[in-house]
Amino acid sequence: MAGQRRSLMQSEQQQSWTDDLPVCRLCGVGTATNCTYGPDGKGVEEHANEDGYLRFRGDNGCFLYGVFNGHEGNRVANFVSQRLAAELLLGQLSSSHTDADVRKVLLQAFDVVERSFFESIDDALAERANLLSQLPEGVPLHQLPPQYQKTAEGISILEREISGGATAMVALILNNKLYIANVGTNRALLCKSSSDGQNQVIQIGMGHTTENEDELFRLAQLGLDSVQIKQAGLIGGQNSTRRIGDYRVKYSYSDIDLLRPAKSKPIIAEPEIHGGQSLQGVTGFLLLMSDGLYRALEAAHGPEQANQEIVSIVAAECAQQNSLDAVAQAVVDRVRKVHHETYLSGRERAKFCTRHEDMTLLVRTFNYQLGGEASDPALTPTQGGRIYPVSVPYSNNQSTSKTSVTLSLVMPSQGTMMNGSHTNSTLDEITPTLTNQSPTATLQSNNTQTQSSSSSSGDGSLFRHRGSQALQPDENGRVEPYVDFSEFYRLWSNEHQDASAIVLGPQ
């Protein structure tokens, strides 16, 4: 019975529901497998990649993208990536649908996908129950007498078949409108650039975690202790409060002390949906990422600037690469490199970088040109360096107040500087580069999205003539600096402990 079922499952996987759907060529995907570092700094893969993704083009100008993060195997992530596309792109959507119609279709699709997954493991559940009934009660599998060994092995195989779950971040474009449906901890960022040099980065929705106040309130309404849940951090081994699959947490939650008081299923697969947001006239890009990517960057540099750093890296790679797959993969490789170098540095944040999970990044552009070989390498960071904020205050003739505009000053990450020279690179390679692609660090947060905006230096307004307020040279022939690099010097110095090897800042 078990062998026949596994053969059928393999046959279904070989004949995917989505084999005939056209792949969208307007996006790119980059991936990296999980890694745990040893004392020698070398990385070891702990398990096969459990992430998944989809990128399809449907009829009537419809596009569907998704990033999925599996746990306890990749079966659920693979199932969802295939079945969700079948539930959305095989005639379920049309250009006549309103925003409310689209949201309803998305809700129904997620519900059908989870129910279909549980139906697919019905036989395994029944066979597991039959085998369990043959064992002596109250004896753990690893303590069973030898005569039950074969039965215990069969149960272990079935446990692997029914266990596991996945989080999902899905983007749907229909009628030139963007809809985001999220279940779990993956992330969506929308970066929009305006003609006057303004950049806006929007995090669409918040992760469904044990730190999300809205989720804690939802669980409290079911009779659970939100304080205990927040302190525990993990539910069934995961910090997500919404996920697809995970049979044991969904249907045996009364066996879990933390969830036992719940009036109904506390861990759900219902997506939080945002949209539709018009893409008319938008220039920029959409990023969908598994939590392994942004958490690796947060571990290396702290959570405050992760969104801005990722967007800056994407913009830099777009100026260098000639395909979106190359862009996405280069971004993932840079984040992985930053994470590894932080671990090797032995500095304060190294303790947070002993391992990282699987990483997946999907990049979809809107009227955003790639630079390729025609781009000017002097305008973008190319060596995988850390992006540091530089506060550039200025005043104009109408006001004496100062307005902070954050740019990016990028320093190379490889090699060391000794006595003003770089040991393994040229002078051009160590020249700090100002880019106008990076958003500011000023964040405005609420329960549904995090937003930031910035001004670029494209029009030269940051260095306007001061008119009657122009500064005069002092007795040494110097003027007061009006570009404040102190924050940059502080961050750079924090990451380079050998103060005798390099001296930064005004003397």
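1. Residues are numbered from 1 along each chain as its sequence is written, and side-chain values use heavy atoms, with hydrogens and water left out. Local features need pLDDT of at least 70 and side-chain atom pairs count only at pLDDT 80 or more, whereas totals for chains, interfaces and linings use all residues.

2. The mean pLDDT (the predictor's confidence in each residue, from 0 to 100) of the protein chain is 78, and 70% of its residues reach 70 or more. Over residues 373-468 the pLDDT is below 50, although this stretch has 225 contacts (heavy atoms within 4.5 Å) in the model beyond near neighbours in sequence. Where pLDDT is low, the predicted coordinates should not be read in detail.

3. Helix H10 (residues 306-318) packs against helix H11 (residues 324-345) at an angle of about 130°, and their axes are 9 Å apart; helices are DSSP runs of H or I with at least four residues, numbered from the N terminus. Axes are lines fitted to C-alpha atoms over the stretch in contact, and angles run from 0 to 180 degrees between N-to-C directions. H10 and H11 are therefore oblique to each other, a class left over once angles under 35 degrees (roughly parallel), over 145 (roughly antiparallel) and 65 to 115 (roughly perpendicular) are set aside.

4. In this contact, Ile313, Val314, Ala316, Glu317 and Cys318 of H10 meet Val327, Ala330, Val331 and Arg334 of H11.

5. Helix H9 (residues 291-301) also packs with H11, here at an angle of about 35° and with the axes 9 Å apart. Among the residues making the contact are Leu293 and His301 of H9 and Val332 and Thr342 of H11.

Definitions and conventions:
Helix = DSSP H or I, 4+ residues; strand = E, 2+ residues; numbered from the N terminus.
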